[in-house]
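Here are my notes for you, as someone opening this one for the first time. Have the viewer ready and follow along point by point.

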Number of protein chains: 2
Amino acid sequence: MHSIIYLAPILGIVGLIVMAIKSAWVSKQDAGDANMQELAGYIAKGAMAFLKAEWKVLGIFVVFAGALLAYSGTIHEVNGKPIHSSWIISIAFVIGAVFSATAGYIGMKVATKANVRTTQAARTSLKQALKVSFTGGTVMGLGVAGLAVLGLGGLFIVFLNIFSDLGADTVKTAIEVLTGFSLGAESIALFARVGGGIYTKAADVGADLVGKVEAGIPEDDVRNPATIADNVGDNVGDVAGMGADLFGSYVATILATMVLGQEITVQDNFGGMSPILLPMVICGLGILFSIVGTWFVRIKDEKSSVQNALNLGNWSSIILTVIASYFVVNFMLPENLSLRNVEFTKMDVFFAIVVGSVVGAIMSIVTEYYTAMGKAPVLSIIRQSATGHATNIIGGLAVGMKSTVIPIITLAAGIMASYYFAGLYGVAIAAAGMMATTAMQLAIDAFGPIADNAGGIAEMSQLPPEVRERTDNLDAVGNTTAATGKGFAIASAALTSLALFAAFVGIAMPENQHIDIYKANVLAGLFIGGMIPFIFSALCIQAVGKAAMDMVEEVRRQFREIPGIMEYKAKPEYEKCVAISTKASIREMMMPGAIALITPLIVGFIFGPEVLGGLLAGVTVSGVLMGIFQSNAGGAWDNAKKSFEKGVEINGEMFYKKSEPHKASVTGDTVGDPFKDTSGPSMNILIKLMSIVSLVIAPYISGIGSTATEKECCMKDGAKTEMGCCDKDGAHAEMSGCDMDKCADMTKEECAAMCDKNGCSAEQREKCMKMYDKDGKYIGPVASDTNTDSTAN
Amino acid sequence: MHSIIYLAPILGIVGLIVMAIKSAWVSKQDAGDANMQELAGYIAKGAMAFLKAEWKVLGIFVVFAGALLAYSGTIHEVNGKPIHSSWIISIAFVIGAVFSATAGYIGMKVATKANVRTTQAARTSLKQALKVSFTGGTVMGLGVAGLAVLGLGGLFIVFLNIFSDLGADTVKTAIEVLTGFSLGAESIALFARVGGGIYTKAADVGADLVGKVEAGIPEDDVRNPATIADNVGDNVGDVAGMGADLFGSYVATILATMVLGQEITVQDNFGGMSPILLPMVICGLGILFSIVGTWFVRIKDEKSSVQNALNLGNWSSIILTVIASYFVVNFMLPENLSLRNVEFTKMDVFFAIVVGSVVGAIMSIVTEYYTAMGKAPVLSIIRQSATGHATNIIGGLAVGMKSTVIPIITLAAGIMASYYFAGLYGVAIAAAGMMATTAMQLAIDAFGPIADNAGGIAEMSQLPPEVRERTDNLDAVGNTTAATGKGFAIASAALTSLALFAAFVGIAMPENQHIDIYKANVLAGLFIGGMIPFIFSALCIQAVGKAAMDMVEEVRRQFREIPGIMEYKAKPEYEKCVAISTKASIREMMMPGAIALITPLIVGFIFGPEVLGGLLAGVTVSGVLMGIFQSNAGGAWDNAKKSFEKGVEINGEMFYKKSEPHKASVTGDTVGDPFKDTSGPSMNILIKLMSIVSLVIAPYISGIGSTATEKECCMKDGAKTEMGCCDKDGAHAEMSGCDMDKCADMTKEECAAMCDKNGCSAEQREKCMKMYDKDGKYIGPVASDTNTDSTAN
């Protein structure tokens with residue numbers, strides 16, 4: 001093996017080392033006074049309690065699913081052909097799950113440390129507060145990216161060695177088994193995202209409804225029993241959930257590119273593996289340049305723009321990575337490549353990477369426009385708040401729906417452009433290029449909830465107003481980055497799903513077979529697929545509603561039964577609220593998770609790969625749309641509400657907090673909460689997970705439910721006819737063993753028997769017989785038949 | 001021509017005659033006192049004012065679009081082949097538009113007569129009130145169905161005669177030109193549905209916001225300046241809009257079945273036209289049995305169930321039509337049929353019809369469940385109203401999303417089952433079977449708004465409470481039938497679109513070519529298509545919001561500037577409110593209409609039929625989902641609000657009108673209004689219209705943007721190879737003129753020139769040359785090549 005294969009895992013280790021250094025730095029910072037530390041302790045304890053409860057459930061799931069995978073991996077043969085799998089896929093699966101959980105753990109751990117240290121830093125300066133909170137985010141980003149590249153790269157090397165005796169099948173089998181790693185990662189991601197999303201919003205909505213609305217105390221007030229749960233939620237949902245989501249995307253994208261790269265036959269200096277190794281190397285370099293990017297995230301003084309600092313860091317890491325990938329592509333790939341009849345050059349591959357970066361950037365910018373304060377969409381919602389709750393809701397829904405237009409056109413153009421440059425490999429490598437700077441993206445994303453938490457701790461500890469002002473400054477920027485991060489996440493999920501989809505088709509479908517939308521069963525699959533994001537969203541939204549109700553009851557009970565809470569004389573029982581959110585989120589994540597995991601299995605094994613392909617296309621399109629719609633509507637409602645805090649002018653009149661329009665905007669914000677933080681972002685994982693499940697089962701379902709008609713079937717593999725490959729009903733029978741070439745080695749009688757066995761038509765049989773002369777000797781097909789008949793050859 | 005071809009138009013005329021009789025009967029009924037007549041006069045005048053304003057705009061559109069069609073129809077040849085079209089398609093288009101407008105006119109005219117007469121009848125008995133209102137609805141139903149069958153059947157006969165000199169192409173050309181009729185009908189339907197939907201909800205929301213909420217006067221109060229506009233809206237949206245929608249579905253369904261039927265080659269007693277004529281005959285008989293069904297719609301006394309009477313009428317007409325279609329199928333069709341490689345018997349066709357009826361019934365029942373008072377979904381929204389506006393909204397959105405599951409599974413199963421029985425013809429005839437009793441469906445649908453209007457007039461005329469009680473009884477039933485009618489409409493639109501889609505593929509795509517979802521550009525089309533219902537919905541919802549704002553301003557102005565309105569001393573300026581709704585709806589319907597019409601043109605002519613196919617699949621799936629989601633969420637919110645009027649129990653406490661939970665439910669209802677009456681139902685027409693536009697342009701775009709690779713391309717038409725049909729880049733070159741058969745008539749030099757011209761590969765060229773002996777004489781392909789090579793033959 002060429003030594004470049006070790007580059008990716010090494011870069012992953014570099015990322016993890018830098019992460020450890022930064023993590024130690026965060027731990028060393030001042031954690032503030034005893035009161036602050038106590039509050040932060042509650043949050044850290046609550047977050048860990050959730051993680052442990054989640055892991056207990058997921059542990060059972062991983063064991064069962066792993067066992068199932070191990071069993072399925074032993075079914076080595078289908079129709080007498082080996083199918084490139086092994087029980088070792090279950091090991092990959094378990095490692096993927098553990099790595100994903102570890103990434104979440106690292107992020108949560110550092111976030112619950114960084115929050116109170118950011119509060120303490122904010123007592124001195126904004127500059128220091130940014131440094132602490134962003135370093136906390138960086139730890140998360142590097143942890144996720146480092147573990148992903150190390151895991152994928154390391155396991156790939158291990159599997160290549162394990163399967164080295166398979167000869168030509170070594171690489172294919174290694175990659176096939178590697179899909180287990182991605183499946184494990186994505187499964188954990190689903191539960192982390194959905195469970196975390198339910199947790200955070202149940203606590204948030206519950207805390208607000210009783211605390212802010214009924215009791216009239218401010219947000220993050222220490223007297224509110226749900227306030228700790230609310231702060232835990234930020235960590236559970238926005239840190240751990242988001243981290244698991246991007247970990248899953250990152251892994252799946254690289255893997256899908258590897259699967260497609262493996263289909264490309266090239267002569268290069270890397271044993272023909274350059275298209276397989278390229279995505280790992282680029283992503284590994286992305287980690288390096290993300291580290292470089294973090295150096296630019298710094299401000300001079302209190303008046304510097306935090307947003308600009310983050311933008312500078314983000315853009316420099318993206319641009320450096322793109323430049324580096326130019327050289328990497330040039331160095332690694334041969335001049336010309338070809339995948340499934342599409343030919344392209346190495347420069348085309350580079351252009352596809354550029355396309356991916358541009359798509360990601362546009363998606364982020366558009367998301368920001370639709371959700372930012374002071375821009376037309378949010379202003380329109382503010383105006384419509386003047387006429388009541390209903391018009392506020394209508395306004396937000398309309399904004400969310402409208403916000404799908406440009407992202408979808410961008411995505412469609414991106415798909416076409418990257419395919420134009422480098423075929424399906426182009427689509428996959430575009431996604432990989434976009435995901436290369438995940439470490440940086442995640443650092444920026446995770447910085448938001450840390451700052452939010454820091455503000456909460458400042459409020460609960462009743463620190464001086466300038467501290468809260470500084471954390472609010474960071475938090476406001478965090479809201480914007482959260483929105484753009486969602487745009488990035490959905491774009492990456494969409495491209496990743498397409499890459500996985502392409503990889504799935506390559507494995508599950510015979511060459512030249514199509515997923516034809518105009519076939520009835522494919523259309524049916526498309527409809528069912530399109531429906532799944534709707535039921536998934538409904539379940540998520542309802543789960544938040546139910547859990548929030550439980551929370552409301554508990555908070556009301558505490559206010560009623562524990563005297564002295566409102567006078568700061570008694571402490572609320574924070575842990576009970578934490579327990580409610582934890583229990584509810586674990587309970588409610590089951591059903592949506594089951595839908596995502598089981599639907600592709602049922603459809604795949606009963607109806608086969610073609611219908612499953614329809615299902616995947618439906619779920620991807622509908623999921624991306626619902627994801628954008630819900631995330632942006634929620635973000636816009638949120639910022640419309642926030643605008644009232646500073647005061648807004650509607651028709652010449654100024655409105656502030658507690659005005660009627662503000663109350664209407666609170667309604668919108670509350671509706672938007674589960675939209676933007678639970679169901680919306682869950683769409684990413686839904687579409688990725690269903691694709692990865694399909695990819696894993698692809699070898700087993702190949703051939704099921706094929707409805708190829710006799711004519712199509714017999715034209716498989718170019719014009720080389722395989723007579724009798726279809727049975728009498730036109731269904732797909734054994735594809736091998738009965739083509740005309742075979743008859744050359746048979747007696748006339750044998751050939752006739754073969755025709756009968758395979759249910760050839762009378763016409764076909766007759767033509768077979770004509771290939772023999774009077775003495776029964778094989779003479780080959782008759783020329784006249786060749787020209788006039790459509791089935792005989 | 002066999003005389004059965006005259007059956008359909010004759011049955012259409014029968015329907016129109018019965019309609020005229022029933023219409024005369026309605027006119028003869030007592031129209032009440034002068035006050036009632038005056039109010040009814042305002043409504044009738046307002047409704048006609050809208051129709052006239054709409055027609056003015058649509059007239060311009062029809063002239064332009066007709067001219068464009070006439071021009072395009074003259075482009076008779078593509079690649080030297082006649083393409084079955086003619087400028088006469090523009091005549092069909094104009095007639096379709098005029099018929100659709102006439103159907104709307106008839107419905108509106110009788111509805112604005114029947115409303116006040118129902119009020120007057122309600123002064124005597126419920127029985128009489130039902131008779132008048134339902135007869136009004138029947139006039140609408142028969143008018144729509146009669147005009148549709150007469151128009152399609154009559155024009156088909158005319159076109160067969162006009163094109164009789166085309167020989168074998170006569171039928172194909174006649175049907176192709178007939179698509180213009182459907183396009184005309186569907187275009188008018190779009191504007192009627194969208195314009196009407198905006199009108200009715202702008203007036204409704206505007207009237208409620210100022211009247212009920214600000215001024216505290218009841219709904220339909222004569223002092224509210226917007227109340228007449230509100231009642232006009234019921235006629236404009238729910239009568240004319242719904243009528244145009246179903247007229248369009250009805251026509252499109254029959255037409256799509258005819259297009260597919262024309263592809264079936266049969267030996268029958270009807271000149272091979274039985275599969276073409278079957279849908280028209282069944283729909284004609286459906287008119288007869290709808291008339292029979294109306295006889296069952298009668299009640300005994302005040303306590304009889306109106307709903308049961310309607311159900312009895314509906315089910316008897318459906319069952320009679322299914323039974324009749326058994327005999328018709330048996331009589332008309334030959335034993336065995338085949339379409340695009342799928343073989344089926346005539347009984348299979350009958351089973352497909354049964355499938356269609358069952359799908360329609362299930363869709364209606366499920367819709368009723370999700371929107372009916374007292375059922376779990378509405379009760380869940382009521383419960384969530386207790387915790388405020390936001391939870392009410394969340395509850396309604398979740399119910400709407402969940403309500404997509406069973407309808408989509410039903411639809412998917414229906415597609416698979418009807419395809420299983422009779423291929424694509426089965427899908428189309430299933431839709432036709434479902435639509436056969438459109439006259440009855442529409443009678444039941446149109447009865448609702450008539451009863452609603454009757455109640456409004458009773459309220460405005462301050463009639464005794466028992467009158468209002470009777471009209472309220474009818475109105476409540478009308479709300480349920482409106483919901484089930486929407487379920488029926490969306491199911492019919494979905495099946496119709498699929499049938500149109502299949503017909504489109506047949507015309508636009510060469511045989512054996514596929515719309516392969518996993519091609520990048522098809523996927524891009526799928527994404528864009530999926531996004532269109534989102535932007536379309538957003539535009540509709542926003543339009544209602546804007547127009548309602550205008551209405552609110554005007555009503556406030558009148559209350560302010562016209563003294564004595566509140567004391568009944570001065571009359572409000574009703575006509576100003578009518579004018580606002582009219583103007584706004586006409587203005588706001590342009591943009592969504594343009595999207596629906598222009599998108600398929602752009603995509604089709606630039607990217608070709610394959611991408612357009614992806615677009616259609618995307619818009620159909622997404623449109624059906626959004627339609628069900630929005631209609632059902634709106635219906636559920638509406639009935640949750642209505643439940644409070646009778647009082648509801650939440651956690652052991654009773655809540656009534658004006659309670660806080662009731663206010664929250666009003667918010668939901670207001671959000672739901674544009675959902676269920678504007679954007680939701682518009683989805684039907686959106687998906688149908690885009691399909692029909694695609695069908696009309698199908699002949700012109702065939703071949704554009706084909707990316708068939710060389711191998712695929714050269715395998716077109718079975719194994720008969722067309723060498724050189726692809727150029728060097730594997731793109732789709734001229735498909736005709738260079739296949740191997742042609743070389744038989746060429747000299748060696750000509751064949752070589754052909755190979756060069758078409759960019760054949762060196763290998764292909766060489767094989768071509770081998771077909772000639774030393775003297776340049778054609779000897780046919782060499783046998784050995786036949787077996788070993790995949791491109792040479």
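The points below go from confidence to overall build, then to single helices and residues.

1. **Ground rules.** This is a predicted model, where local features need pLDDT of at least 70, side-chain atom pairs count only at pLDDT 80 or more, and totals for chains, interfaces and linings use all residues. Residues are numbered from 1 along each chain as its sequence is written, chains are lettered from A and ligands numbered from 1 in the order in which they are written, and side-chain values use heavy atoms, with hydrogens and water left out.

2. Chain A has an average pLDDT of 85, and 89% of its residues score at least 70; pLDDT is the predictor's confidence in each residue, from 0 to 100. Within chain A, helix 1 (residues 7-28) has the highest confidence, at 95, and helix 20 (residues 710-714) the lowest, at a mean of 40.

3. **Stretches to treat with care.** Residues 78-82 of chain A have a pLDDT below 50, and beyond near neighbours in sequence this stretch has three contacts in the model. Contact here means heavy atoms within 4.5 Å. Residues 784-793 of chain A also stay under 50, and for them the model has 27 contacts beyond four places in sequence. Where pLDDT is low, the predicted coordinates should not be read in detail.

4. **Chain A overall.** Chain A has 24 helices and six strands. Helices (H or I, at least four residues) and strands (E, at least two) are DSSP runs, numbered from the N terminus. Of the 793 residues in chain A, 67% count as buried, where buried means under 20% relative accessible area, exposed over 50%, and partly exposed in between (1.4 Å probe, protein chains only). Taking the contacts in chain A with a separation of 6 or more, 80% join residues 24 or more positions apart.

5. **The core.** Which residues touch the most other members of the largest nonpolar core? They are A:Phe156, A:Leu278, A:Phe504, B:Phe156, B:Leu278 and B:Phe504, in a core of 532 residues. Helix 15 (residues 520-561) of chain A contributes the most to this core, with 23 residues. A nonpolar core is a set of buried Ala, Val, Leu, Ile, Met, Phe, Trp, Tyr and Cys residues joined through side-chain atoms within 4.5 Å. Leaving out residues up to four places away in sequence, A:Leu278 touches several residues, including A:Val328, A:Met332 and A:Tyr425.

6. Helix 6 (residues 227-263) of chain B has 37 residues and should span 54 Å at 1.5 Å a residue; its end C-alpha atoms are 53 Å apart, which agrees. The expected span is 1.5 Å times one less than the number of residues. Helix 6 of chain B still has a kink of about 25° centred on B:Gly241, the bend being the angle between axes fitted to the seven residues ending at a residue and the seven starting there. Now look at helix 12 (residues 405-435) of chain B: a straight helix of 31 residues would span 45 Å, but this one spans only 23 Å between its end C-alpha atoms. A kink of about 130° in helix 12 of chain B is centred on B:Ala422. Both are mostly covered, with 34 of 37 residues buried in helix 6 of chain B and 23 of 31 in helix 12 of chain B.

7. **Loop residues with positive phi.** B:Gln462 is not a glycine, yet has a positive phi of about 50°. B:Gln462 lies in the loop between helix 13 (438-460) and helix 14 (465-508) of chain B, and counts as exposed at 53% relative accessibility. B:Tyr568, in the loop between helix 15 (520-561) and helix 16 of chain B, has a positive phi near 60° and is partly exposed at 44%.
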